[in-house]
Every structure is written in structure tokens, then in C-alpha cells.
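Please have the structure open while I talk.

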Amino acid sequence: MQFARDVSLRRLNTLALDGRASLMATVTDAEDLDAALEIASAEGRKVIVLGEGSNVVIAGDLDAVVLKQASRGIEVLERDAESVSLRVQAGENWHRFVQWTLEQGYYGLQNLALIPGTVGAAPVQNIGAYGVELGAFLRRVHAVRLRDGQRLTLSRAACELGYRDSIFKGAQRDTLCITAVDLELGLHPETNTRYPVLDNFLREAGIDTPTPGQVFDAVVSIRRSRLPDPASEPNAGSFFKNPVLTADAADHLRNRFPSLPLYPQEDGSIKLPAAWLIEYCGWKGWRGEGVGVHAEHALVLLNCGGGTGGELLSLARKIAESVRDTFGLDLVIEPRVYGHER
Ligand code: FAD
Ligand code: NAP
């Protein structure tokens, strides 16, 4: 286990926000994890689990043991004519894992290419993109309870997956360290290209029946051309979740705002693009001293250099306030916020 005191978190989150952790433990196996939990217990400190820091806002210093999951390894559990079951250690990088699955001829995850972060964080918000969510492939989550080191296995149902949501953001928020994830992937090269941006991209490339590899390449190209790279423009991806309304409530809003896009969901509810609401309120491209809103992508808040978590959250509150005043809708912040605002 790598262990250090009073560590700056600036390089450990994609928003490049500063904040110091009292203790930082990088764990690669069960023994490391037990040792880190013992230290936390002996010092009476809270434990916060961190992956690659691509969905967190560091608002200030963390009087806690920050536990960085760095366990590696992929194991084939079972295979039949139709599918393969894999156990993937939490510290594996998500995108490299997706790439590996396609190289093996294991299909399903191609729409989720290039999502930053670790495999262990993927169930936390049931990662999703281009019409596909992790939940379609998730079978079990293995975890350790932070309070007492107890080993647990959660079935897919027990994870209570939702739209960018799960039990790990709800009742089990900050109580577990996910150590491994079991997934079931297909062996037949089926694809899902119903998401309009993806469908258009493939059509324009003259590809009518794409292979999973072609879908992976298309998603990587689209993402590279549309989404800011945190390495040059520090961000945490979408800062707010898209609101989901009843059909009646959405109709009512559409009457007031005829150009508002509506995305009907399978369960009859209607999803609204938060980016559109924010842009309508005039925030797209807004720049303050240290923080701002991306000029091409209103859902992405930026640390423009030297911004603090407090400044970023203050901007987020102002944006949410104007969306509430204009549309009567409450935007919910997607990343998790840690530390007290300075
Ligand atoms: P972190 O940011 O380190 O942690 C996020 C949360 O998960 C924290 O609450 C943390 O405590 C918890 N956590 C992390 N690891 C564990 C663990 N092992 N056990 C228990 N809890 C844990 N998300 C999408 O869904 N779809 C996208 O398309 C997408 N695109 C993005 C694009 C960009 C440019 C960026 C910056 C982010 C994007 N995100 C997207 C958000 C982010 O990539 C995902 O939420 C990702 O799963 C976070 O992984 P991470 O390892 O960085 O987690
Ligand atoms: P986009 O394609 O420009 O679409 C904008 C928004 O409209 C998305 O949030 C998307 O919802 C929604 N949308 C568009 N077409 C839809 C349809 N046919 N049915 C349902 N919803 C539709 O989005 P983008 O920002 O470039 O991102 C592309 C994909 O990557 C999206 O799936 C997005 O969620 C994902 N992404 C997520 C993050 C993150 O941090 N969470 C960051 C970057 C990209 P959905 O978001 O529900 O798909």
C-alpha cells in the first residue's frame, strides 16, 4: 500500500481543483484495503473512495482517508455459446477495459468507449452514453464495507440502478468500497446505433451495418470532436443531470417553450436536455475569473485556471437558480461534492 499524509488532490481530479486530504492510501489488493481501513479506524477518520476523480468536485480540504482503488485484473468466470461472464477489478481503467473486450470478441460496451474513470466507479452512477447504460451488462458488484471491512456481494437488483444513479449514490453512499464488478457480454457482434448522433455519424461515413469495432471507433471520434479533454480544459463532464418529467409536465413546458427538445423514455416519462435549458438562460460560454461554462457545451463547467471548488459550486447554484426561475425545474448536480467549501 502506498500511504501519504497531507496530500494535494489537484492532480487526482479532472477539474484540477485543489484541496488537501489528511491521508491518502493507494490500495491494490484486499490486504492493502484492510490495512487502510484499520488506519482510518485507529485515527477516527472518515474514508472517501476515489477512482480517477472524473466525477467529483473537491470543494475544500478533506479531513479523511482518501482511498484510491488501484486493483487490477480481468478474469473470465464462465463462457457459453452466447455470452461470457467477466470479473473486473475496480482499479482497471474503464476505456482500456472496453477496448480489451472488443479485442477479445466480447461485445456490448462499445457505446461506452472513452468514458473517463475506473471500472469500480462505473456502477456508482450506472454510466451511460449514446443510448446504452452499464446496467444492461452488470451482474454483480463486489465490495467491502468501510465501517468494518465486511465483504459483500450485491446482485444487479440490489444495486438499484437508475438514470445516472444507483444505491451507491443513495442508501449506500460513501459506505462501501467497490472492489470488483461482474459483467456479462455477448459473443455475437450485435450493435445499438439508435442514438441519433451516432446513427448520423455512421451513415455519413457510409456504414450501414456497423461492426461493434466500427461503433467503438465512431463513439471515440464523436466524443473527441465534441467533448472537451480534461487534460487541457479541466472539467467533470456533464455537471447536471438531465431532468426527467411526466408527459403532462413536459407538455405543459413545451406549450410555453415550443422549441424545447423532448426525449420520450421507455417508461413513458420525458427527458429534457439540461444543456438546452442552461443555454436558453444565457450561460453557454460564460466566463468568470477562475471558472466558466464551456462555449460549445453548456452542460460542462470548467476550471479555467486557478478556480476553486467553492467558485465552481457558486456558479452551479446561479445556473440552477436561473433554470428554476425560467422553467420551474430543479437541476441536480451529477458529480459528487467532497470537502467543505472555502
Ligand atoms: P471518481 O470521480 O473518482 O468517483 C466518482 C464517485 O464514485 C465518487 O463518489 C467516489 O467515491 C465513487 N467511487 C469511485 N470508485 C469507487 C469504488 N471503487 N468504490 C466505491 N465508490 C467509488 N459519465 C457517464 O455516465 N457517461 C459519460 O459519457 C461520461 N462522460 C464523461 C466525460 C468527461 C470528459 C468527464 C470528465 C466525465 C464523464 N463522465 C461520464 C463522468 C465519469 O467519467 C464517470 O462518472 C466515471 O464512472 C467516474 O469514474 P472515476 O473513477 O473517475 O470516479
Ligand atoms: P448530445 O448527443 O449532444 O445530446 C444532448 C443530450 O440530449 C444528452 O444529454 C442526451 O441524453 C440527450 N439526447 C439526445 N438524443 C437523445 C435521444 N434520442 N434519446 C434520449 N436522449 C437524447 O450529448 P453529448 O453531451 O454530446 O453526449 C453524448 C453522450 O455521452 C450522451 O449520452 C451523454 O449522456 C454522454 N456524456 C455524458 C457525460 C457525463 O458526464 N455524464 C459527459 C459527456 C457525455 P443522455 O445524456 O441521457 O444520453
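This is a predicted model: local features need pLDDT of at least 70, side-chain atom pairs count only at pLDDT 80 or more; totals for chains, interfaces and linings use all residues.

**Rings and charges**

Let me begin in helix α2, residues 94-104, which holds both F97 and W100, three residues apart and so about one turn of the helix; helices (H or I, at least four residues) and strands (E, at least two) are DSSP runs, numbered from the N terminus. Residues are numbered from 1 along each chain as its sequence is written, chains are lettered from A and ligands numbered from 1 in the order in which they are written, and side-chain values use heavy atoms, with hydrogens and water left out.

Searching the whole structure gives 11 aromatic pairs, where rings of Phe, Tyr and Trp (its six-membered ring) pair if their centres lie within 6.5 Å, and planes under 30 degrees apart count as stacked, over 60 as edge-to-face and the rest as tilted. F97 and W100 are stacked, because their ring centres are 6.3 Å apart and their planes meet at 20°. Are these two residues buried or exposed? F97 is buried, at a relative accessible area of 1%, whereas W100 is partly exposed at 24%; buried means under 20% relative accessible area, exposed over 50%, and partly exposed in between (1.4 Å probe, protein chains only).

A tilted pair is formed by F257 and F327, at 4.6 Å centre to centre and 55° between the planes. This pair links distant parts of the chain, 70 residues apart, with F257 in the loop between α5 (247-256) and β14 (263-264) and F327 in helix α7, residues 309-327. F257 counts as buried at 9% relative accessibility, and F327 counts as buried at 4%.

Turning to charges, the whole structure contains 15 salt bridges, each defined as a side-chain nitrogen of Lys or Arg within 4 Å of a carboxyl oxygen of Asp or Glu. R45 bridges to E43, with the closest N and O atoms 3.0 Å apart, and also to D63, at 2.6 Å from N to O. Since R45 lies in the loop between α1 (30-43) and β3 (46-50) and D63 in strand β5 (residues 62-69), the latter pair ties together parts 18 residues apart in sequence. R45 is partly exposed at 26%, while D63 counts as exposed at 59%. Salt bridges link R5, E43, R45 and D63 in a network.
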